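I opened this model to see how its parts meet. My notes follow, entry by entry.

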Amino acid sequence: MVGISTLEKLKSIRRGDLTAVDHIEEKIDEIKDRDEGINSFLEINQDSIEKAKEIDRKIEKGDEVGKLAGLGIGIKSNINVKGLKATCASKTLENYTSTYNAVVIERIKQEDGIILGMNNMDEFACGASGETSYFGPTKNPAAAGKIPGGSSSGPAAAVASGLCDLALGSDTGGSIRNPASHCGIVGLKPTYGLVPREGLIDLSMSFDQIGPLSPDVEGAALLTEVIAGKNNTEGIMHDVKSVEYMDKINPDLEEMKIGISPKFRELTDSKIMEVIDDSIDFLEGEGAEIVNVDLPNLEKAMPTYYTILSVEFFSATRKFDGRKYGHKIEDVCGDEVLRRIVRGKHISQKEFKNQYYQRALQVRTLIKKELEKALNETDVLVGPTVPKLPHDIGEDITPSDMYAYDYLTTPANLGGLCGGVVPAGEKNGIPIGLQIQGSTLDEASVLRVMKKMEEKE
Amino acid sequence: MKIGFEIHEQMHTESKLFCECPTNYRDVDPNTNVCPVCTGMPGAKPSPPNKKAIESAIEIALMLDCDIVTQKPIHIQRKHYDYPDLPSGYQRTSLPIAENGELAGVRIREVHIEEDPGKYDPVQGKVDFNRSGIPLVEIITKPDIKSPEEAREFLQSLIRTLEYTNKIRPEPSTLRADTNISLEGGQRVEIKNINSVKGAFKALKYEVMRQKRTEKVERETRSYLESQMITVPMRSKEIADDYRYIPDPNLLPILINQKQVSEIKNNMYEAPHLRKKRIIEEYGIEENVAEVLVSEREFVDLFEEVAKEVDPNFASKWLKNRLRKVLNYLEMPPKQIPFSIEQLTKLLKMIKSEEITPEKGELILREMVKNPDDPEKILEKLGLEEMEKSKLERSVEEVINENEEAVEDFKNGKDEALNYLSGQVMKKTEGKADPREVMKLLKKLLEEQGE
Amino acid sequence: MWLTENREEKIKKSAEEIIDKFSEIEKNLPTEEKTYYLLSSLNVLRSDKKESSEEKRKSFRKNFLRIMPEKDDEGNLKVEVAEWSE
């Protein structure tokens with residue numbers, strides 16, 4: 001079942017044209033056949049076929065089935081799935097079998113989604129390339145020899161190669177949007193505080209958010225509907241009980257104001273901007289009004305982000321002391337993880353706090369205000385996802401060069417925006433994604449523009 | 001000498017501070033009342049803080065005459081250090097919820113809330129997380145205490161005050177204290193691992209002795225070893241140099257509003273220092289009497305009940321001197337008193353009106369505590385009714401006749417002999433006589449004899 | 001084993017780069033209020049009910065004990081003995 005839309009797949013399964021068991025068995029077989037060359041899965045869920053059988057039984061009986069009935073879903077390895085290993089692609093947690101389900105997993109199961117297994121990622125989500133996994137790098141199925149992006153490298157590659165129907169990733173500074181762009185698929189970072197983080201292993205608590213990767217916009221919208229909504233046993237959640245997008249994403253752009261900033265062009269490779277400009281022309285042709293917005297401090301978001309993140313990541317990793325499970329993190333982790341811990345440890349000292357952490361929280365306010373102002377004048381902001389094309393896997397690149405991938409995605413995490421990525425074109429066979437950012441809780445507008453983009457040739 | 005304290009007490013709630021696990025950690029097997037949050041599982045997120053814990057802390061702070069922080073959001077911070085009983089590698093602890101209090105002449109710097117770590121047995125190398133996450137109130141004093149004796153009194157006073165709220169975990173005591181002490185102009189030494197009032201006293205006594213015979217007292221942190229009643233230096237590894245405090249990004253700050261505080265104030269039990277002030281004003285009783293009455297809330301409650309019908313001055317003194325004595329002897333706390341207010345009130349009225357003697361009153365009281373009943377009935381039961389005058393006269397006469405030597409002594413000016421004779425009369429009448437009547441009669445009859 | 005002198009030095013050095021970058025960019029920016037939280041609500045509190053189900057806790061306990069590197073018969077987690085203990 002290649003090239004069939006998510007909604008079509010669901011209908012097929014519900015009608016009985018295709019049984020859930022056949023569908024899932026096919027997916028598992030494909031993973032066994034093809035994933036060795038991609039390395040997008042770290043563990044396969046042995047229970048998945050059983051679950052598929054249950055769903056088929058329900059369908060046969062004529063019982064109601066959930067929104068995701070029969071779909072095979074990949075889960076990034078930093079999300080707890082009871083009984084499977086949430087390794088975060090690190091030796092630290094290589095033998096940590098999850099003792100509980102993340103709330104998003106409970107919700108997926110409730111809607112009859114089938115967990116296919118745990119996806120590969122950058123170690124502890126510290127990366128944008130998919131190369132830092134303890135279990136080996138993930139390949140980009142859409143661009144041979146190139147990095148798939150990260151840190152949700154596994155979920156993106158699995159979706160791009162058709163090994164799963166949908167996947168869950170996490171985005172702290174671009175980790176869903178970045179690989180969605182490089183792999184030529186759809187990704188969405190929901191508004192911070194919309195999707196429960198209970199069960200997501202922390203990278204940076206102020207920024208982390210779980211979101212979907214999907215072959216199409218409707219799949220992303222559907223999965224977001226399932227996982228979003230207030231969780232009462234969590235402290236920081238919007239007062240939103242549930243969301244509905246499917247009826248709101250009719251791709252009608254009349255009267256929609258789309259903001260673009262000259263800063264995007266300043267920061268981005270011209271090869272990428274060609275594709276972006278083309279997309280914007282398309283959107284304008286479809287009835288949207290293009291508005292120029294000012295984002296004078298946009299490029300300051302990235303260093304600010306890393307300053308805050310390092311302090312929070314240092315704090316988050318104190319529990320990995322090897323006593324209750326796993327190993328002591330500093331003993332076994334990779335370079336980038338250690339780099340962030342060391343940096344966080346250093347700047348969270350009493351004498352430096354004002355200089356770095358507290359100051360960064362101030363700059364965050366500045367950037368947040370700027371973005372809010374821009375979105376007051378527009379409905380969405382549209383532009384590139386990454387400033388440069390993905391490098392070759394294994395290429396020697398400095399930490400600073402790696403951080404540079406995050407220039408265009410970190411602002412949304414700092415400012416509390418939602419952001420989606422949809423394929424916009426390609427250069428030399430390398431996919432390029434268009435990023436659409438919206439105000440807090442305005443996923444509907446973002447999805448609308450994304451849906452429209454699906455109509456572009 | 002300057003002594004200060006940092007005191008931790010568990011608050012009495014059904015569930016833990018940041019998760020819904022039950023708090024009865026002593027009643028269950030190790031690692032039973034646990035969940036991903038209080039065991040530091042990867043990805044676990046704290047749930048919003050327990051409302052009752054916050055309200056209890058506010059009430060405790062009001063008991064200590066503190067100002068509640070109402071004007072600004074109060075962050076819950078992460079205090080990072082490495083220890084086996086800390087599942088997440090940090091402890092969640094709030095900024096002050098109250099400041100500037102006072103108790104028994106000692107200033108309270110601040111009150112805040114935090115979560116209890118798990119229970120680590122350092123000798124056997126094992127950890128039980130049942131206790132991890134239980135809400136604690138921390139009370140920090142200024143170094144206003146001037147001696148180990150004062151420290152002991154202060155702690156006793158503090159525990160009594162905390163018990164007034166009924167918001168801290170009942171026995172066995174969950175008090176944990178760190179103390180700091182500096183002698184005249186010397187360096188400040190901190191002592192940890194104190195779990196009782198006695199321990200605090202012993203630790204401070206030892207420290208004073210140690211510091212006096214140490215030439216150069218270093219600023220350090222020491223640990224109190226209960227079994228040996230000494231303090232030893234704590235390894236630097238156990239003392240974190242920098243806790244790297246940050247506001248917990250997973251918990252929104254708390255903002256206490258004045259309305260909430262007023263509500264708690266109006267519904268809470270009146271603090272002992274306020275109660276004392278009020279009963280002195282309202283009932284006109286003496287200060288040292290009031291002090292004893294407010295030592296336990298049930299005791300002062302009892303007083304105010306009986307004071308409705310009995311002269312407060314009389315009642316207060318009687319409770320302080322007689323009832324307190326009987327209760328102490330029986331080791332019975334006021335909350336366990338079995339007789340009713342009506343019964344006590346009646347008894348007091350009987351004594352005040354001189355229907356019975358105070359001594360008889362005490363006898364009836366002792367019986368009332370064991371077998372609560374109408375004091376009139378007990379009076380009958382014990383056969384304590386007023387002795388007939390003639391019967392008493394006869395007993396006095398008999399004693400005079402049976403104790404010639406004592407009578408001689410008295411006539412020769414030895415007044416103590418009179419007491420001896422009086423005692424013999426009491427013995428003969430089985431305590432039923434009124435000692436004052438006995439004295440009067442003895443004197444009268446002896447004088448008459450002398451004539 | 002991982003943390004050789006060389007590696008730690010290299011890591012420390014490269015860790016500082018982005019912080020230096022931050023110091024550079026923030027120099028001429030005005031002071032602002034700090035954004036600690038994206039949500040402006042305060043006092044999200046929970047009532048003191050014992051909602052945690054015993055079933056759920058029993059199941060978690062089983063898993064928790066199962067992944068412990070070392071435990072004793074009663075279910076305590078075994079860890080290091082304190083150096084200063086008598």
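**Entry 1, domains of chain A.** I started with the centres of domain 1 and domain 2 of chain A: their C-alpha centres lie 24 Å apart. The bounds come from an automatic or database domain assignment. Domain 1 of chain A covers 6-248, and domain 2 covers 257-301 + 355-453.

I noted the ground rules here. This is a predicted model, in which local features need pLDDT of at least 70 and side-chain atom pairs count only at pLDDT 80 or more, while totals for chains, interfaces and linings use all residues. Residues are numbered from 1 along each chain as its sequence is written, and chains are lettered from A and ligands numbered from 1 in the order in which they are written.

Next I looked up the contact between the two domains of chain A. It takes 39 residues of domain 1 and 33 residues of domain 2. A contact here is a pair of residues with C-beta atoms, placed from the backbone, within 7 Å. On the domain 1 side, helix H6 (177-183), strand S5 (186-189) and helix H7 (217-227) of chain A each give two or more residues. Helices (H or I, at least four residues) and strands (E, at least two) are DSSP runs, numbered from the N terminus. H6(A) gives the largest share, 6 residues.

I sorted that side by class: 18 nonpolar, 15 polar and 6 charged residues. Ala, Val, Leu, Ile, Met, Phe, Trp, Tyr, Cys and Pro count as nonpolar, Asp, Glu, Lys and Arg as charged, and the others, Gly among them, as polar.

I then checked helix H2 (residues 20-34) and helix H3 (residues 48-61) of chain A. Their axes come within 8 Å and cross at roughly 160°. The axes are lines fitted to C-alpha atoms, for helices over the stretch in contact, with angles from 0 to 180 degrees between N-to-C directions. H2(A) is therefore roughly antiparallel to H3(A), a label for angles over 145 degrees. From H2(A), the contact includes Ile24(A) and Ile28(A); from H3(A), it includes Ala52(A) and Ile55(A). I counted 7 nonpolar, 1 polar and 3 charged residues in this contact.

Chain B has domain 1 (2-260), domain 2 (270-381) and domain 3 (389-450). The C-alpha centres of domains 1 and 2 of chain B are 37 Å apart. Each of these two domains gives 6 residues to their contact. On the domain 1 side, H2(B) gives the most, with 3 residues.

Last, I looked up the chain contact: 25 residues of chain B meet 29 residues of chain A. The chain B side has 12 nonpolar, 8 polar and 5 charged residues.

Conventions: Parallel < 35°, antiparallel > 145°, perpendicular 65-115°, else oblique.
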